[in-house]
Amino acid sequence: MRRISAAEGGAWPLPGVERLVPAPGSPGSFWEDRGDRRHCGVDLYAPAGSKVASIGEATVLEVGPFTNPRSVPYWNETLYLLVEDEGGRFFKLAELASAEVRVGDRIESGQILGRVGSVLNPMKIDDRAPAYIRGLEDRGRTAMLHLELYASRPESSERYRGGNWFGPGRPRGLLDPTDLLIASSRG
Ligand SMILES: [Zn+2]
């Protein structure tokens, strides 16, 4: 895989939060095998309410609902942002409690875009929840930034739900953001 320089990495998206990127294969890592689904992004664990910053200069394309308890009982209401950077890369920043930008906004590297939400509701996690969800609850990891990276604007699909991909194939244009985040963590 092509190496990504610190300059390409940009700003760390969680200012003030420990700079930990899940290693490949570990919980929260890119394309993690979750049994019936694969993880489309990387989870950066952070206290609920932590500030989420832009990795680079970009334009806000979408702001909308991401998870809710009507579709999955152990989910809380969260939001996502889709931004396109100067290099034509598309970042989805998801599982947010709030957004501080609007569609069409031009944003700078390091600009605060919103706050981390609590995507998981421990009161609703029981034995029917997937093993990876119970594992997160056990470790108190119910709040995080879910980050996806695409080479082209993401398309909607019935196979895509809550940052996961169900069934064969994978989302068109989906990239592994791990190296970029590691570069950002050193910036
Ligand atoms: Zn995730």
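This is a predicted model: local features need pLDDT of at least 70, side-chain atom pairs count only at pLDDT 80 or more; totals for chains, interfaces and linings use all residues.

By class, how many nonpolar, polar and charged residues does the lining of the second largest pocket have?

Modeller: The lining of the second largest pocket has 9 nonpolar residues, 1 polar residue and 3 charged residues. This pocket holds about 220 Å³ of space. Its lining is made up of 13 residues, and those nearest its centre are Leu 20, Val 21, Leu 44, Tyr 45 and Arg 141.

The largest pocket may be set beside it. About 370 Å³ of space lies there. The lining of this largest pocket comprises 19 residues, with Phe 66, Tyr 80, Lys 92, Ser 156 and Tyr 160 the closest to its centre. By class, the lining of the largest pocket has 9 nonpolar, 6 polar and 4 charged residues. At least two lining residues of the largest pocket come from each of strand E4 (58-67), strand E5 (78-85) and strand E10 (160-161). The greatest contribution to that lining is made by E4, with 4 residues.

To return to the second largest pocket, Leu 44 and Tyr 45 are among the residues nearest its centre, and strand E2 covers residues 42-45. The loop between strand E2 (42-45) and strand E3 (51-53) contains Pro 47. Pro 47 counts as exposed, because its relative accessibility is 53% and the threshold for that class is over 50%. Apart from neighbours within four places in sequence, Pro 47 is in contact with Val 17, Val 116 and Ala 143. Between the C-alpha atoms of Pro 47 and Glu 32, which are 15 residues apart along the chain, the separation is 22 Å.

Arg 141 is another of the residues nearest the centre of the second largest pocket. Thr 142 lies in the loop that connects helix H2 (131-138) with strand E9 (144-150). With a relative accessibility of 16%, Thr 142 counts as buried, because that class takes in values under 20%. Residues up to four places away in sequence being left out, Thr 142 touches Gly 117, Ser 118, Val 119, Leu 120 and Pro 122.

The zinc ion is coordinated by His 39 through NE2, by Asp 43 through OD and by His 146 through ND1, at 2.0 to 2.1 Å. The spacing of these donor residues in sequence is H-x3-D-x102-H. His 39 is buried, at 1% relative accessibility, and Asp 43 is likewise buried, with a relative accessible area of 3%.

Trp 31, a residue other than glycine, has a positive phi near 60°. Glu 95 belongs to strand E6, which covers residues 90-99, and is buried, with a relative accessible area of 6%.

These details sit within the following overall architecture. The secondary structure of the protein comes to 3 helices and 12 strands. Its radius of gyration is 15 Å, close to the 16 Å that the globule rule gives for 187 residues, so the protein is as compact as a globular protein of that length. The C-alpha trace spans about 45 × 35 × 30 Å along its principal axes. Of the 187 residues, 50% are buried. Among contacts with a separation of 6 or more, 66% are between residues 24 or more positions apart.

Helix H3 (residues 178-185) gives a further view of burial. This helix is largely enclosed by the rest of the structure, because 7 of its 8 residues are buried. The buried residues of H3 are Thr 178, Asp 179, Leu 180, Leu 181, Ala 183, Ser 184 and Ser 185.

Notes. Residues are numbered from 1 along each chain as its sequence is written. Side-chain values use heavy atoms; hydrogens and water are left out. Donors are N, O and S atoms within 2.8 Å of the metal (3.2 Å for Na, K and Ca); water is not among the atoms, so sites may look incomplete. Buried means under 20% relative accessible area, exposed over 50%, partly exposed in between (1.4 Å probe, protein chains only). Contact means heavy atoms within 4.5 Å. On a 1 Å grid over the protein atoms alone, a cavity is a set of points where a 1.4 Å probe fits but cannot get out, and a pocket is an open set with protein on both sides within 12 Å along at least five of seven lines; lining residues have an atom within 4 Å of a point. Grid points are joined across faces, edges and corners, and a volume is the space filled by probe spheres set on the points. Ala, Val, Leu, Ile, Met, Phe, Trp, Tyr, Cys and Pro count as nonpolar, Asp, Glu, Lys and Arg as charged, and the others, Gly among them, as polar. The radius of gyration is taken over C-alpha atoms; the globule rule is 2.2 Å times the number of residues to the power 0.38.
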